[in-house]
Amino acid sequence: FVLRIEDTDRARSTPENEQIILHELKWLGLTWDEGPDVGGAHGPYRQTERLELYQEFSEKLIAKGAAYRCYCTKEELDAQREALKAKDPKAQFRYPGTCRDRKAPYPDGPFVVRMRAPSSGEITYDDLVFGEVTTPNNTQQDWVLIRQDGIPLYNFGCVVDDITMGITLVARGRDHMINTPIQILLYEALGYPVPKLAHLPMMLAPDGAKLSKRHGAVSVGEYREKGLTPDGLLSYLVRFGWSFGDEEIFTKASLIEKFDWERCSKSDGKFDFKKLSAVAFEHLKREDLTSTADYVEGAARFLEKKGFANVDRALVEKAAPIIRERAQTFVEAADALDYFFREPPAMDEKAVKKFLVPEKASRLGELRDLLAKTPSFTAKEMEAEATAWLAKEGLALKDVAQPARVALTGRTASPGLFEVMEVLGRGADARAARPRGGDHLGRGKRREHGGDLGGAGGSSQRPGRAWPQTPSIWQTAATALGPLPGYVLIAPILWVFFRRTWRKLDVEAHEHQRRRWRPGVGQAACGAVRDHGGGADAAGVLRRRQFYDLHQVVDPGAEALHQIDPQNEWVGGYPEPEELQ
RNA sequence: GGUCCCAUCGUCUAGCGGUUAGGACAUCGGCCUCUCACGCCGGUAACGCGGGUUCGAUUCCCGCUGGGAUCGCCA
């Protein structure tokens, strides 16, 4: 398809915004055949670079009598509009036609070009989604085509471009339906056939209101930062307003194959962040939707964003199978991977206090020694050994699992104990090879204490025993516990946490999105091509005006965002466009 | 207010004259279980209202109500 940048609104169109559009579209896997960056036969692809073309077409219309120069000033018209509204707020202001039949000599001053709109009859078109739509012409007026400064207005610019770019299908948001009759009038005046038209329903905020920055909208980029996959996002977005039986999860390829206009819904919908999360999670979880290679790379990149340098892909791949089903996003995956890359792990104080108590210490020590002896150190083997040992001791796994888990991972929730151990590997060799993400200042403070908190037990432990030369993963546990009787863990462990540089990055990303950008971009469907500021459809895949405006789409609300990433501070809403001007 | 558009569970939707109105997310119970998840089983939950047409309306028609879009020298 053709990617055209509709940048005639200079307040909103900046090179940075254009870059963002290109970048986000590429990230989503939508690639265009022609566009500002790749060139093509119908260039240039920025409207501000096509100004002569609009001039030429407007001259044509003037020559035909279908348009005329209007010398009324904006100030005059605005004043009239104000006056009318003051008298009757519900009144409909329309251009009075002052210059409509003006004859030579023409004044010298600046002028705009207006179309000569019919006041009777009606325009009917056949919408691919909505069917036949009819609008009476008596609601039309002599719209401005070209401003005083020579820059065309949206309705004129896109008609000229669509004609000269050979666009055959217009697919855009339903909010453009009101523009369609005007554009059809222009096609007719110019003598060109009208392309096929398809309008798509709107995505509303969860409260049913129009989506706006006020709702804390976010961009495609922000979802990327949250760690969703492009196909996951695409899958949700396309399925919203379109359906294919009971199927809910699609890949980009299957969307291209299955999409059709007939299955598009006509009614607006409300954005649901939880559903997006669920769909994105499904994509992340399933290997047939996100390959192991992509998963590892994605998770590693987010780990690096957290501050870990040179993340060992092999280790991520080893851990991937056990974290995939519990990380809804790459951000969560990075968090779940944290303790595999940090030695010692970041300890959760409360968990330490609760589980790493002296009476558990001896058991953990025994378990450590037992497991250290297993020949292969695989989860299966360790579990078997542990189970046998526990049975002999008359214990259940749950008696030792939580303390062990906390010692191992620093937290109370993690994948299976033995799986974690297997990934961590035996001893220091594996650990030494691992990049160090954390600091080493966080050793738990232990203080001597007069006695056992938990009463009698434990004094049978051999005092002063040395750890094996090869420090095992259990060393961490024992260190945290206070290895011997007589010692009680009193002070909580103080850990210096990693600076969250990624958070800073995130804030910067938000900053980046504060500006409103919404030049239209191109889209295609079924080989036909066409674009409009706002509507989107690519190879029959994308369809929704807000897709482009995704930053303003989603109103997950701060709450929802926190759910997906509790660590991530939401920076608040965005300014309305007025505030930017 | 004018014009245009829309209307099935809380949400996204299936349905295209006869269905116990289906699925997914969410939610609630249960199972699984070393925690957290995943997974599995089950429950609650919808055709806005009123007229027609028809043997029969969620489905077709009209009206009402409700919602949305738009009314710019923005796109």
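A nonpolar core, as I use the term, is a set of buried Ala, Val, Leu, Ile, Met, Phe, Trp, Tyr and Cys residues joined through C-beta atoms within 7 Å. Buried means 20 or more other C-beta atoms within 10 Å of a residue's own, with C-beta atoms placed from the backbone.

Housekeeping: this is a predicted model, so I note that local features need pLDDT of at least 70 and side-chain atom pairs count only at pLDDT 80 or more, while totals for chains, interfaces and linings use all residues. Residues are numbered from 1 along each chain as its sequence is written, and chains are lettered from A and ligands numbered from 1 in the order in which they are written.

**Cores.** I looked up the largest nonpolar core and got 45 residues, with A299, L303, V316, A333, A334, L337 and F340 touching the most other members. Helices that each give it at least two residues include α10 (292–306) and α14 (358–372); helices here are DSSP runs (H or I, at least four residues), strands likewise (E, at least two), numbered from the N terminus. A second, separate core has 42 residues, I21 and L197 among them.

**β6 and β7.** Strands β6 (169–173) and β7 run parallel, joined by five bridges; pairing takes at least two DSSP bridges. L169 sits opposite K196 in β7. Why is β7 largely enclosed by the rest of the structure? Four of its five residues (196–200) are buried.

**Open sheet.** I found three strands in the order β1-β2-β5, paired antiparallel. β1 (67–70) and β5 (144–146) are the edges, each pairing on one side only. β1 meets β2 (112–115) over four bridges, with R69 opposite V113.

Note on methods:
Buried ≥ 20, exposed ≤ 12 C-beta atoms within 10 Å, placed from the backbone.
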